[in-house]
Amino acid sequence: MRSEIPDTMQAFGAMSKAAMKAGALSALDKELIALAIGVSSRCDACVGFHVKALIRLGVTREQLMETLAVCTYMGGGPALMYAAEAVRAFDEFSPTA
């Protein structure tokens with residue numbers, strides 16, 4: 001898509017950088033929020049992308065699990081299934097898992 005709609009992709013990348021930049025919330029906190037939205041939206045690609053970003057930022061398993069507990073509370077069974085996918089991704093991509 002970058003080659004076919006470069007302006008859109010560049011703008012989306014700039015928006016991402018601006019939104020995810022540490023401020024009142026840390027970059028880690030913002031990635032946890034992004035993961036929660038990905039789980040709640042049932043977006044497989046989002047889950048994988050944000051789990052990888054969280055690992056790069058040093059997320060702990062406890063931080064991940066607490067975030068997924070809130071997702072499950074708010075989203076019920078469907079969120080639980082995507083939360084499990086997030087744990088699977090964490091276990092697959094984390095060097096310490």
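Contact here means heavy atoms within 4.5 Å. The model is predicted, with local features requiring pLDDT of at least 70 and side-chain atom pairs counting only at pLDDT 80 or more, whereas totals for chains, interfaces and linings use all residues. Residues are numbered from 1 along each chain as its sequence is written, and side-chain values use heavy atoms, with hydrogens and water left out.

**Close-up A. Contact of helix 3 with helix 4.** Helices are DSSP runs (H or I, at least four residues), numbered from the N terminus. In helix 3, Asp44, Val47, Val51, Lys52, Leu54 and Ile55 meet Leu64, Tyr82, Glu85, Ala86, Ala89, Phe90 and Phe93 of helix 4. Ten of the residues in this contact are nonpolar, none is polar and three are charged. Ala, Val, Leu, Ile, Met, Phe, Trp, Tyr, Cys and Pro count as nonpolar, Asp, Glu, Lys and Arg as charged, and the others, Gly among them, as polar. The axes of helix 3 and helix 4 come within 9 Å and cross at roughly 60 degrees, which makes helix 3 oblique to helix 4. Axes are lines fitted to C-alpha atoms, for helices over the stretch in contact, and angles run from 0 to 180 degrees between N-to-C directions. Angles under 35 degrees count as roughly parallel, over 145 as roughly antiparallel, 65 to 115 as roughly perpendicular and the rest as oblique. Helix 3 passes helix 4 in a right-handed crossing; a crossing is right-handed if the near helix is turned clockwise from the far one by less than a right angle, and left-handed if anticlockwise.

**Close-up B. Packing of helix 2 on helix 4.** Helix 2 (residues 27–40) and helix 4 (residues 61–93) pack at an angle of about 15 degrees, their axes lying 9 Å apart. The two helices are therefore roughly parallel to each other. Helix 2 contributes Leu28, Leu32, Leu35, Ala36 and Val39 to the contact, and the residues from helix 4 include Gln63, Leu64, Thr67 and Cys71. This contact has twelve nonpolar, two polar and no charged residues. The crossing of helix 2 past helix 4 is right-handed.

**Close-up C. Crossing of helix 2 and helix 3.** The axes of helix 2 and helix 3 come within 9 Å and cross at roughly 160 degrees, which makes helix 2 roughly antiparallel to helix 3. Their crossing is left-handed. Among the residues that meet are Leu28, Glu31 and Gly38 in helix 2 and Cys46, His50 and Ala53 in helix 3. The contact divides into ten nonpolar, two polar and one charged.
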